[in-house]
Amino acid sequence: MENRLARDELSVFLESGIYRFQNSNFIFVDPVRVLNRSYLRFRVSPSGYYRRFFDHVKKGLDNRDCLLNARKRKRKEKKSRCLNEKELAADQRHQVAKPLLLMAHESLLQATDLLSVMGSLNREIDSSAGSRWVELPNDHQSLIKHGGVWQAPLYEITLKLPESSPSSEVAGSSFKNRVVPLFNNLVVNETLNEVEAEFLDHQYILPRESCFYMSDLRMVHNLIPATASSGFSLIVIDPPWENGSAQQKSKYPTLPNRYFLALPIKKLSHSKGALVALWVTNREKFHRFIELELFPSWGVTHISTFYWLKVKADASLISDLDLFHHRPYECLLLGYCHGEDDIEDLKILEQTVPKDQVIISIPGDYSRKPPIGELLQEYVPGPTLGRCIELFAREMTPGWLSWGNEPLHFQESQHFTRT
């Protein structure tokens, strides 16, 4: 019976990209499969997405060797030292989460059906060549730099729209170009198919029924809806927290904490309230800031903490669980932004949103979060799903509004292959 259930769960995973472990709130996510459910003519490249944590493939190790390494990995001796007040508080948070994370990791190690396919998640699949490894170029266009120059208001993006009806799911063979301002402007793909776009000889893929607004923080108030009844029911936020590592790697600019107080979360929220999901690292200063200042200023009540546990292709953690400054997980704080008549909705959320949710995945590019919008939508209050928005987005989601200074970062064509 258990073997049949495992086979059924694996079949669901291969189609959806989501594997739910039995009798728990643990989930394994393959971001590539989840993302590719949104595209018809293109596919997110697995080898491109997973280029960071598949070294064993290049070294020629088979999956069995990798799994043995995951269980028999040697640990270096730890040097003890005295912790300061903030470090002690951070360690206390870690000790609370540690048993849950260990249980989730053990569930993964026991899921032999899932382990059998993890080592090949980075392989390209096409009808002619089967599985293959594809090296992608690394010549990203810096949209942040273009948005910061005086010419920014003059830049335009060209959308290649199908001539067929926007309501048609099948794109026509002929296209028409729509040229619109790129920055400080709402750019919309209202069709039911992905749309190709071009900016300064770089190609981008916009998912179906999606839109983006590319600007800096000064323009975020332009997103506030005219009426609260047309506000957002789900707000996902991935702030560029100050991080020496991010600055060192020159991946993206960061912001001091006080800037996030300016986000108009209350005004963006639907009149009946909104579910707010905030990504945060394990630094204690951020958690204290959120608890004492950020959530109160936004009018958000904290209701649960989810964890994103990061693993390698061999199912081992990307770092030792107790490694103080580089722990292999991040937190997703879920809160509720109160609406006009939402007391009952808050009570329902507190009862229905799990307190022990762990999302496991192999990380993609630096700071790229797994696509969990669909999972979060299960907990959005109200009988029908309202509008969804991601703030500080670096990629787009079908049906969502993506705002930030580089929402097209992972939409560049080098991350895709054509079907």
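Modeller: Let's begin with strand S17 (residues 387-391), which runs parallel to S18 and is joined to S18 by four bridges. Keep in mind that this is a predicted model.

Biologist: How do you know that S17 and S18 pair?

Modeller: Pairing takes at least two bridges between two strands. S17 and S18 have four, so they count as paired. Within S18, Trp403 is the residue opposite Leu391.

Biologist: Where does S18 sit in its sheet?

Modeller: Between S17 and S11, in an open sheet of 11 strands ordered S1-S2-S16-S14-S15-S13-S12-S17-S18-S11-S8. The pairing in this sheet is mixed.

Biologist: Why are S1 and S8 said to stand at the edges?

Modeller: Strand S1 (18-20) and strand S8 (186-189) each have a single partner strand, so one side of each lacks a neighbour in the sheet. On average, neighbouring strands here are turned by 20 degrees against each other, direction ignored.

Biologist: What packs on that sheet?

Modeller: Helix H11 (residues 284-298) does, touching strand S12 (232-237), strand S13 (274-280), S14 and S15. The directions of H11 and S13 make an angle of about 155 degrees.

Biologist: Why is Ser316 called buried?

Modeller: The cut-off is under 20%, and Ser316 has 2% relative accessibility, so Ser316 counts as buried. Ser316 lies in the loop between strand S14 (300-310) and strand S15 (329-337).

Biologist: How do you know that Ser316 makes a polar contact with Asp314?

Modeller: The limit is 3.5 Å, and their side chains make the contact at 2.6 Å.

Biologist: What about the sheet of four strands, what is its order?

Modeller: S7-S6-S9-S10, an open sheet with antiparallel pairing. Its edge strands are S7 (175-181) and S10 (202-206), each pairing on one side only. Seven bridges link S7 with S6 (residues 156-162), and Lys160 has Asn177 in S7 as its bridge partner.

Terms used
Residues numbered from 1 in each chain as written. Predicted model: local features only at pLDDT ≥ 70, side-chain atom pairs only at ≥ 80, totals over all residues. Heavy atoms only, no water. Helix = DSSP H or I, 4+ residues; strand = E, 2+ residues; numbered from the N terminus. Buried < 20%, exposed > 50% of the residue type's maximum accessible area, 1.4 Å probe, protein only. Polar contact = N/O pair within 3.5 Å; in protein donor to acceptor, adjacent residues only side chain to side chain. Axes fitted to C-alpha atoms, helices over the stretch in contact; angles between N-to-C directions. Contact = heavy atoms within 4.5 Å.
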